[in-house]
Amino acid sequence: MSDAVDTATPKRRGSSVPLLKRLKSLITVLLTVLLTLVGLLFVTFIIGRVMPVDPVLAIVGERASQDIYDAAYKSLGLDKPLLVQFGIFLKQIAQGDFGISNLTARPVSEDIVRVFPATLELATVGTIFGVLFGVPMGVMAAVNEGKWQDQVVRFVGLFGYSMPIFWIGLVGLIIFYGLLDWVGGPGRLDVYYEDVIPVVTGLILVDSLIEGDLDIFWNAFSHIILPASILGYYSLAYISRMTRSFMLEQLSQEYITTARVKGLSERTVIWRHALGNVMIPLITVIALSYANLLEGSVLTEIIFAWPGLGSYLTTALLSADMNAVIGGTVVVGLIFVGLNLLSDFLYKVVDPRAR
Amino acid sequence: MKIKNLLKGLAFATAVSVSALSATATYAGTPNNVLVVADRIDDMTSLDPHDLFEFSGTDYVNNVYDKLVSFDPKNLSKGYQPGLADSWTVSEDGKTFTFKIAKGRKFHSGNDITAHDAEYSLRRVVMLKKTPSFILTQFGFNEENVEAAIKATDDYTLVVTTDEKYAPSFVLNCFAAAVASIVDSKLVQSNEVEGDWGNKWLQTNSAGSGAYSLVKWKPSESYRLKENADYWAAKPAMKSIIVRHIPESATQRLLLEKGDVDVARNLNPTDVEGISGNSDLAVDNDLRGRIMYISMNQKDPILSKPKVREALRYLIDYDGMVNSFLKGQYVVHQAFLPLTYMGELKDKPFKLDIEKGKKLLAEAGHADGFEAEIIVRNAQERIQIAQSIQNTFKQAGINISLTQGTGKQILGKYRARDFQIYVGAWGPDYPDPHTNADTFASNPDNRDEAKLTGKLAWRNSWDIPEMTALTKAAAQETDGAKRAQMYVDMQKEHQMTSPFVEMFQKNEQTGRSANVQGFYTGSAVTGVYYWTVTK
């Protein structure tokens, strides 16, 4: 049974679903999202408060006298009961106010708008790399199960899993930037190109195209390709292994045998029928791997001096900058929830039975 | 067949990416009038000179702001020099300082620099009450008296009156600190919101008169300065300064070797070693202000015994550490003032001597040693120091358990006097010996309720009325040479009797392109001034 057989039926069914029912499911989804976020906020908030780290010291510094310390303690509202603090905090967040970051002296929301595009750009290019290479490699491994191609893919995947990203990043920089001059160095751009074009999306690859500045586009590309490939390599390892196992499962199904018996070309059987069915679980795999990259890869960001969410959150955490930590956590939470919703939606596009 | 197609596709995609990249990557060295510095600047949390109190912040302030009193970065041993004030006099009772502000100088905004700006700036420090404000308020300025104590009597005369007599060198050194920067009062006032003295605005903007002005600051990422072509002290050779946050030493080295940065400020010993044979690069050494020490809580019945304190001084492998994991990064130093400070003490009376340590322990009644806990923050060099100490202490029978934690956790315990032995570091707050004497050798009130958390002697519960009096006397001594000698004497006693074992002083190793000249890191007393740099 291929997808094509089923496609017509659910559409008819879909149109008969009452509006009320759809509205109900929409409300359920929204409520779930809201509850998840409040839960996330509560847990992050409590962890932030019970952590044996002093957020006041983070602001006033080691040398502060007791008066200055006490004043900062009060201004942070730390003298109020915990639940009251949480209430005030929720109210602020509902108004889109994450407070001021102690580290940057700017609103956390502004900071996130500044650092998140760097991570988004890196994760997106990395995921594109991972999917472009990972899916075909997984298919190739499954089709040639047990043969040398399978072994090569397994080796490449295992290598990707087992090498520390810190090491791969440095070696990559030494070879491709230091010795071969193929790529740009650490950072998102050569310093002379920084702040030349106006910020529209914060994604330099996109902004440079909007501005029509190809020099900057290629410069940004030369900087992002190495860290993105390294991150992409990790998702490639994961995506290719998962694709392989999903494909093996599909290739042993009867409909594949039927398709072959019917005389369909091997290409059609593998790429259209088998891979078509694999796409459904694969979307979840890709979405999860994308979400992982969007959290920001701290080590990659440190090695490549990439000013993204990962290093922002880590620095904030180590300095007990709780506003920044919570702001960042909400963003990461939203990414996970959003990508889950997106993959649910894509299920329905790819598999009409899920509608 | 299909596999071949697939492989062909992959090969093609790779070839396209590689050829696109090799055609586009740019690798020119930095231009001759631009200085690009790789540094760790994620400690910079504010650009307001009356608010910031971090290392990277001092470098920024030195270049964007001027003070009444200044240093010659090319010759720091000359001490304080005229800055925005071209002369000053001190009254006979030693309490009134009259500064004459030089005429004809301007802020970056084009506004004239007058005594009213100096008055506004110094009052602002007192009224804002941010952490570094104590550097000025220790002279008795407060919200109530500041209008009388800091006063512009005409456009170019500023009169400052302290509450007591202090050594003029002490007062003037403090007026050379970052917190005493003079801001453009008209500009800052025009950005005040709800009586905040323009603090919110100045945290991310600049209002100075220094050799450079701020172009852009991206926190934990970079900042960029441009030259002030009309700078009064000198004409900067570098038109533009770019300081990039590059956290990793290996990355800094790679950028330096490629010529993409001119200066790398945080190279670890391995990377310093790695570039040592490269004739295009050079490494500079400069003794900075940071002192590494261990200290013993005097509430502890064992650690408060003088013989035990003395024994521990002989149970530390000072040379072993600086010749191994601290190589190049620290030198052995056993006094509370950093070398290069007025009153420095070069004596190093202690070396690892297990037998002597054991003998002293036995005399203290602890021949079989004892158990103790060292608290240490989880920074690599501190942990290594703590482990070395754990090892040598054990040879004398002292069993040490190490407790690691984040900086804030460990510091919290230290400030709460809740520890036995602490591995710490201290950097001077301003370029005068009183800064360290006041914390290592002064404790006016040893009660818990006093909460003198800013003073290390208090944190260690070290009750020292005599030494506290000596510290105060030295801060008031008007004869410079006599004052310096007082610090030498005080350190000699401190070295022998205090619960502090000063071990090392920071040596900063800076990697730079060989063509970069005049990059001075400021020794122990100040930070970097970029106007001295040429290529």
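Between chain B and chain A, 8 residue pairs are in polar contact, both residues at pLDDT 80 or more. A polar contact is a pair of N or O atoms within 3.5 Å; within protein, one must be able to donate a hydrogen and the other to accept it, and residues adjacent in sequence count only if both atoms are side-chain atoms. This is a predicted model, in which local features need pLDDT of at least 70, side-chain atom pairs count only at pLDDT 80 or more, and totals for chains, interfaces and linings use all residues. Residues are numbered from 1 along each chain as its sequence is written, chains are lettered from A in the order in which they are written, and side-chain values use heavy atoms, leaving out hydrogens and water.

**Where the chains meet**

- On the side of chain B that touches chain A, α1(B) gives the most, with 13 residues.
- That side of chain B divides into 26 nonpolar, 21 polar and 17 charged residues.
- In all, 64 residues of chain B are in contact (heavy atoms within 4.5 Å) with 59 residues of chain A.
- About 5,300 Å² is buried between chain B and chain A, with carbon and sulfur atoms giving 62%; buried area is the accessible area (1.4 Å probe) that two parts lose on being put together, summed over both.

**Salt bridges**

- The interface of chain B and chain A has 6 salt bridges, each a side-chain nitrogen of Lys or Arg within 4 Å of a carboxyl oxygen of Asp or Glu.
- Lys218(B) and Asp195(A) join their side chains in a salt bridge, 3.1 Å from N to O.

**A sheet in chain B**

- An open, antiparallel sheet of 4 strands in chain B runs in the order β5-β6-β8-β7; strands are DSSP runs (E, at least two residues), and two of them pair if DSSP finds at least two bridges between them.
- At the edges are β5 (85-90) and β7 (150-154) of chain B, each pairing on one side only.
- Strands β6 (residues 96-101) and β8 (residues 157-161) of chain B are joined by 5 bridges.
- Opposite Phe97(B) stands Val160(B) in β8(B).

Technical notes
Nonpolar A, V, L, I, M, F, W, Y, C, P; charged D, E, K, R; others polar.
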